[in-house]
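Here are my notes on the model, as numbered points. Please read them with the structure open.

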Amino acid sequence: MDGVTGSLPSMTAAQGADLVMAVARQRDKAAYAALYRYYAPRITSYLMKQGATLSEGEEITQETFLAVWSKADQFDPHKAAVSTWLFTIARNKRIDALRRQTHIEVDDADPLLVPEAPADGHDVVDARERQEAVAEALAALPADQATVMHLSFYEDKTHAEIASALNVPLGTIKSRLRLAFKRVRAEIAGRYGSAGNAP
Amino acid sequence: MTHDARHHISDELIVSYAAGALSEAQCLAIASHATYCRQCRRRIEDAEALGGALLDALPMTPVPPPDVDALLARLEEGDAPPPERRDPPVLPTAFAGLVAPRPLQAFLANRSWSRLAPGIEQVVLGTQGPASARLMRFAPGIQLPAHGHRGLELTLVLTGSYHDVTGTYRPGDLAELDQRAHHQPVIGADQDCIALVVTEAPAIYDRLIYRLLQPFIGL
Ligand SMILES: [Zn+2]
Ligand SMILES: [Zn+2]
């Protein structure tokens, strides 16, 4: 298929970050095209799993990449991996386009914002390592927990709808989700000392 | 803020928020709590990292090859996403002095308080989609009617405090109650309590008189 030729078989967080930085600093079109070739087919899959038609999926993917070009300078490689940054942009565009709502987020310039705890060397989560920890934890989840996590992110379903689709009680779905999220956070915390402290 | 929030967002809601499954009103409550709470911001980042990891693992839907110039030409044609607004919203005079997270302030334009009952005022916020968001102001010391819930009820305290069977809630604290929960909030005696209240469905009041009044107050 033409659309995916020339795409890298995999992209590490470091490679992805370098590409976004090249877009931000040098307005590098080749780097931008490489990001597109790797992520556009995945983002379109994500959008179609969320109920978009192919043409809606392609359009929202294009809007996502227009935002990548204009917001590249806001990408902070210490805060999020490229895959996560792209996921949040695509998620927000999807909510805008398909649900006509806004994904309301914290305003980083809010004077009310309680600041991050001062970095003490143990508390700083490097986005790249966090992403590795998350991927490993995800791969090690028991099948029932992995399924619920997949459905939560990739089907536009409420937990109640997931419960009836899988024919298990809602409470079971919620506890699988909690367990899965705790395992993922424990994997992150294991690498960063206190970083994964849960409230 | 002089203290850390003690009542936080549940794991289920953090994951749903990161996945983009919540309504706008519920997002407003989550983002408002997270403004006060660095631990929940961290948890949201962790959940979003899950979204990123799952994206990496997705199968690929073939898409047209990148025509970078055509794509970027759209930016020039004014198809660009509008620049993000960084200025603080301007609060109407009715809310002068109100301490509220910015995402919430953005919903207060052209609104004002209306009286619901003695000691209770509200502003219905114009969020899109299911679930409704209101700003509520309660006089010191009043006792709210006992009630159950038909759906999720999220309450974020902005000023003052209240308590019920589940604990005491102060600025930045988020109460998350579902269908199984029943309570009777009592407002702290020392000052007004202003709170963001997000509900999926009207409450179920214990006493008939409140059920009869419900169509008029809409809560
Ligand atoms: Zn919190
Ligand atoms: Zn209630």
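1. Start with a hairpin in chain B. β2(B) and β3(B) form it, with six residues between them. In the turn, B:G129 has a positive phi of about 85°. Strands here are DSSP runs (E, at least two residues), helices likewise (H or I, at least four), numbered from the N terminus.

2. This is a predicted model: local features need pLDDT of at least 70, side-chain atom pairs count only at pLDDT 80 or more, and totals for chains, interfaces and linings use all residues. Residues are numbered from 1 along each chain as its sequence is written, while chains are lettered from A and ligands numbered from 1 in the order in which they are written.

3. The pairing of β2(B) with β3 (residues 132-138) of chain B is antiparallel and has six bridges. Strands count as paired if DSSP finds at least two bridges between them. B:Q122 stands opposite B:M136 in β3(B).

4. β2 (residues 120-125) of chain B also runs antiparallel to β1 (residues 114-117) of chain B, joined by three bridges. B:A117 has B:I120 as its bridge partner in β2(B). This hairpin has two residues between the strands, and B:G119 takes a positive phi near 80°.

5. What does the record say about this region? For residues 109-199 of chain B, UniProt lists "domain: ChrR-like cupin" in an unreviewed entry. UniProt positions follow the numbering used here, feature names are shortened, and annotations may be inferred rather than shown by experiment. The span is 0% helix and 52% strand, with its end C-alpha atoms 21 Å apart.

6. Now look at B:T35, in helix α2 (residues 24-36) of chain B. Is B:T35 buried or exposed? B:T35 counts as buried because it has 27 C-beta neighbours inside 10 Å (buried means 20 or more, exposed 12 or fewer, partly exposed in between; C-beta atoms are placed from the backbone). Beyond neighbours within four places in sequence, B:T35 is in contact with A:V106, A:D110, A:L112, A:L113 and B:P101. Contact means C-beta atoms, placed from the backbone, within 7 Å. B:R102 is 67 residues from B:T35 in sequence, yet their C-alpha atoms are 8.7 Å apart.

7. Chain A is divided into domain 1 (2-99) and domain 2 (127-193). The bounds come from an automatic or database domain assignment. Their centres, taken over C-alpha atoms, are 23 Å apart. The contact takes 13 residues from domain 1 of chain A and six residues from domain 2 of chain A.

Methods. Two residues are in contact if their C-beta atoms, placed from the backbone, lie within 7 Å.
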